[in-house]
Amino acid sequence: MYPKELLYTKEHEWVKVDGDTAKIGITSHAQDQLGDIVFVELPKVGDKAHATQSFGTVESVKAVSDIYAPVSGDIVAINEDLIDAPEKINEDPHVGGWLISVKISDKTELDTLMTADDYAAYVSAESES
Amino acid sequence: MIKKVRSHIVQNEPLLFERSSPGKKAYQLPELDVPEVNLASELGEENVRAEIPGFPEVSEVEVIRHFTRLSTWNYAIDLGLYPLGSCTMKYNPRVNEHVARLEGLAWAHPYQPEELSQGVLRVMWDLESFLCEICGMDAVTLQPAAGAHGELTGILAVRSYLESQGDARKVILAPDSAHGTNPATAQMCGYEVREIPSNERGLIDLEVLDKAVDDSVAALMVTNPNTVGIFEEDISKAADLLHARGAQLYMDGANMNALVGWARPGDFGVDVMHLNLHKTFSTPHGGGGPGAGPVAVKAHLEPFLPKPRVVDTGGNGYKLDYDRPQSIGRVRAFYGNFGVLVRALSYILAHGGEGLRNATADAVLNANYIRQGLADRYHLPYQGRSMHEVVFSDQKQTKQGIKTGDIAKRLIDYGFHPYTVSFPLIVHGALMIEPTETEGKGELDLFIDAMRSIADEVESAPEMVKNAPHSTRTRRVNETLAARNPIVRWEPAVEAEAEKPAAD
């Protein structure tokens, strides 16, 4: 369910590391909890992302939620497709529904993130409580 | 084709724009009996509005029928239970309307001289005094026009107070169960918002609070009872902790309907709070409103309240005091939504102290009666004792693929307005039910029967619940599509379309 090649946060974001850059999105579990996403607010290319701080919001029919950066760095790309088609996050959260791409400034921040197995365990523990 | 084959009850109602026919009029002005002037040259070109293209032209009876038909589609508290949790959709007693229509009140003008406005000022003075007494606070402003506006006013007062102490702070704390307006207010007032996680009982955890409150914290904003309908039993200790570190305690009074006559926020350490007169004090709610969000404060915050303030001069009646150098200024034209204030005072006087206390007891009793009637069929995420509302989750129903929104839609088929869906956010799939004090046992039993019947249907006919409502003129609407592609403005059909010969 959660791709092995991604890393995960407790706030339900994922990171795909490719060399110095990290693609960031929200997990399948997050989109399921939010329900149909109707609007996405993203930063601009050139802005900075700061680990654990909000870089944008997703709005569903239920609520508006902050999205937190798993790693710090310069934002080098945003997923422009989401502006007209935010439903991509629901349909394909781990690939086509990516949000931003960041040039990682401190790779040690990746050490705090969870593997797919750890995240799956975290989600099932969270939904039981 | 015969166009009118169904009665208006089931017919769809076109917009007035679509009914328009050139030259029709619903009014007639008397003939001009003064010399005509050129508005553009008198007022300036930019102040004269051009013709509005496509403005509907209809007859009087068409307007009357249009709005009368629409009004028959409404659901209202005057038709039945309106269990929208957190909103306190209580009955608006008719005595309020009678009092608000008394000539001297209905026709009072804000520019009337003070000596001719003594009755009006007395209404405001008395209402402020009663609200002070009910809340255990020292002063009240009636200016804010709604709850969120009250929050803004209260937090601005906190900010001015702290700045006057030379101790401007930058952070406001709010629990994760807070109404969304609390963090929004803090942000509007220039504060950084930090969220406090609730403990496993849905309450503020003193240990977590202890770690969160440092000398950058201006205030904690808390709703009590909180949004899961449970009383924050450590509220006095939380207040002590905040005060010892120079921070203020703000209370969101959205749930005061559970406290009036039994517990006073001022007695459990609250420094500043707002009330929603359209919730707790039975004034009209929702689109009809308007609302009113008075703010009550302890004495140290009084100098910062909006001006003018009503004062009792003793021998010389009431007057408005504008000489308030520390005031945050006006937050509303004139003195707030006065017509609403009259209704709230009427409600308080009609009940009397004992009556208000009984209303609170009945509100709590009714919520607990519903809780008892449904607890074996719907999951109760927090076991603490319910106050004026009860929050279930859809955990038992999601096994059949049914979510809180589906149950709410099905409830419409049983003739009730839905409960509050998906709030508070700390309960996944929340069903938030607040019956208020006015409902009798008969109506509550009907509601419980409906909810139990839906729980059965979730097991026996989940698809039917998923596609509800079935008995309404419009079946389930596509909320996602509406949110993604909102059509907020009517536009005339394209000429070419209109000129096409009709297919029939």
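**Close-up views of chain B**

**View 1. The contact between chain B and chain A.** Seven residues of chain B and six residues of chain A make up the contact. On the side of chain B that touches chain A, two residues are nonpolar, three are polar and two are charged. This is a predicted model.

**View 2. Chain B as a whole.** The chain has 504 residues, and 38% of them count as buried. Its elements are 17 helices and 12 strands. The C-alpha trace spans about 80 × 75 × 40 Å along its principal axes. Take the contacts in chain B with a separation of 6 or more: 72% of them join residues 24 or more positions apart.

**View 3. Helix 13 of chain B, mostly covered.** Helix 13 runs over residues 404–413 of chain B. Eight of its 10 residues are buried.

**View 4. The surroundings of helix 13 in chain B.**

**View 5. After helix 13 of chain B.** B:G415 follows helix 13. The phi of B:G415 is positive, near 90 degrees.

Key
Residues numbered from 1 in each chain as written. Chains lettered and ligands numbered in written order. Predicted model: local features only at pLDDT ≥ 70, side-chain atom pairs only at ≥ 80, totals over all residues. Buried ≥ 20, exposed ≤ 12 C-beta atoms within 10 Å, placed from the backbone. Helix = DSSP H or I, 4+ residues; strand = E, 2+ residues; numbered from the N terminus. Contact = placed C-beta atoms within 7 Å. Nonpolar A, V, L, I, M, F, W, Y, C, P; charged D, E, K, R; others polar.
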